[in-house]
Amino acid sequence: MVDIIDIADPMRTQAILNTYGLHAKKKFGQNFLTDLNVLHGIVDAAEVTADDYVIEIGPGIGSLTEQLARVAKKVVAFEIDTEMVHVLSETMQNYDNVKIIAADILEVHLSEIITKEFGEGAHVKVVANLPYYITTPILMQLLRTNIAWDNIVVMMQREVADRLNAAVGTKAYGVLTLTTEYFAKAKLAIEVPAESFNPAPKVDSAVVKLTPSTPEILVDQPERLFGVIKGSFSHRRKSLWNNMLQTYGKDLDVKDKIKAALEAADIAPSIRAERLNLTELTALYLALRAQGLTN
Ligand code: SAM
């Protein structure tokens, strides 16, 4: 008989864990979603259709994977925990459009796998209830590696969600905001209460939707721009001038070049980086590069 109860049903989730003698592992950030409304909300936010290739990060026992598999063309899910991979080989056995890859998402060559699993030049949607302990590195990997994505819809801790689209000058505004903004528009899609998970996380959660966007100034080597942004924010309470001296040195010759770059970018040396928007910081990067301070 075909089992028609969703994996995410709270009783079924617990029953699956009991059957395999498993407990959620803190070290892997395991908080399983047991709220079907939230799961449907995530799939709807990603606008997944029968034409879509989906990458999932951290399928766990398969609650979200199942909902994705019902609508997508194909789902490729990366799971680090071999015990979960074993559970998935059973919970996903009726879905022939799901491929589970037992791997650490931060160690895989995503673009190669996308080509292998979906075909050359395939576009993907990335959908996940992220392991919170590595939210930022995963986001950085998705944004900074060269993959063609239509949208990224991911659950994360609320505090990180707020940093993704923080306003200039606020406490939440920083390197993560600016890196995100270079590649994407970030929008809070769903606020999720702790009771939607088993076990309940100790922090607030939110689903964020990223859609691709192009910055006002495109640079040929974004990594170098992010290096300058990082340097500018290395001591948030210090002026841009002091952070620049710290990064490039205090020789007279270097000071002159920093001064010239700030003038060329029309930025006051006394300002703090948190007061500058992406366009201004990009202008600063280009001016520093023109002075030979960064290449
Ligand atoms: N998707 C499931 C759900 O919503 O119920 C589980 C989400 S749980 C918050 C995070 C999942 O990511 C866990 O299954 C965990 O084992 C997995 N995970 C943790 N670190 C990982 C990594 N580096 N690479 C791949 N998966 C990882």
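Visitor: Before we start, what counts as a cavity here?

Guide: A cavity is a set of grid points, taken over the protein atoms alone, where a 1.4 Å probe fits but cannot get out. Keep in mind that this is a predicted model.

Visitor: OK, how many cavities of 30 Å³ or more turn up?

Guide: The search of the whole structure gives 1. About 320 Å³ of space lies in the largest cavity.

Visitor: Which residues line the largest cavity closest to its centre?

Guide: Gly58, Pro59, Gly60, Glu79 and Asn129, out of 26 lining residues. As for elements, β1, β2 (53-57), α3 (63-71) and β3 each give two or more residues to that lining.

Visitor: And the lining by class?

Guide: It has 15 nonpolar, 8 polar and 3 charged residues.

Visitor: Where does the ligand sit?

Guide: In the largest cavity. The ligand has 23 residues around it, with Leu33, Gly58, Glu79, Asp104 and Tyr133 the closest.

Visitor: Which strands supply at least two residues of that shell?

Guide: β1 (32-33) and β3 (74-79) each do. By class, the shell around the ligand comes to 12 nonpolar, 7 polar and 4 charged residues.

Visitor: How much of the ligand does the protein bury?

Guide: 99% of the 590 Å² that the ligand exposes when taken alone.

Visitor: Switching topic, what's going on with the backbone at Pro199?

Guide: The peptide bond from Asn198 to Pro199 is cis, with omega near -5 degrees. Pro199 is in the loop between β8 (197-198) and β9 (205-212).

Visitor: And what is the phi of Glu47?

Guide: Glu47 has a positive phi, about 50 degrees, though it is not a glycine. You'll find Glu47 in the loop between α2 (36-45) and β2.

Visitor: Why point those two out?

Guide: Because most residues other than glycine have a negative phi, and most peptide bonds are trans.

Terms used:
Residues are numbered from 1 along each chain as its sequence is written. This is a predicted model: local features need pLDDT of at least 70, side-chain atom pairs count only at pLDDT 80 or more; totals for chains, interfaces and linings use all residues. Side-chain values use heavy atoms; hydrogens and water are left out. A residue is near a molecule or strand if one of its heavy atoms lies within 4 Å of it. Accessible areas come from the Shrake-Rupley method with a 1.4 Å probe; for residues, only the protein chains shown count as cover. On a 1 Å grid over the protein atoms alone, a cavity is a set of points where a 1.4 Å probe fits but cannot get out, and a pocket is an open set with protein on both sides within 12 Å along at least five of seven lines; lining residues have an atom within 4 Å of a point. A molecule sits in a cavity or pocket if more than half of its atoms lie within 2 Å of its grid points. Helices (H or I, at least four residues) and strands (E, at least two) are DSSP runs, numbered from the N terminus. Ala, Val, Leu, Ile, Met, Phe, Trp, Tyr, Cys and Pro count as nonpolar, Asp, Glu, Lys and Arg as charged, and the others, Gly among them, as polar. Grid points are joined across faces, edges and corners, and a volume is the space filled by probe spheres set on the points.
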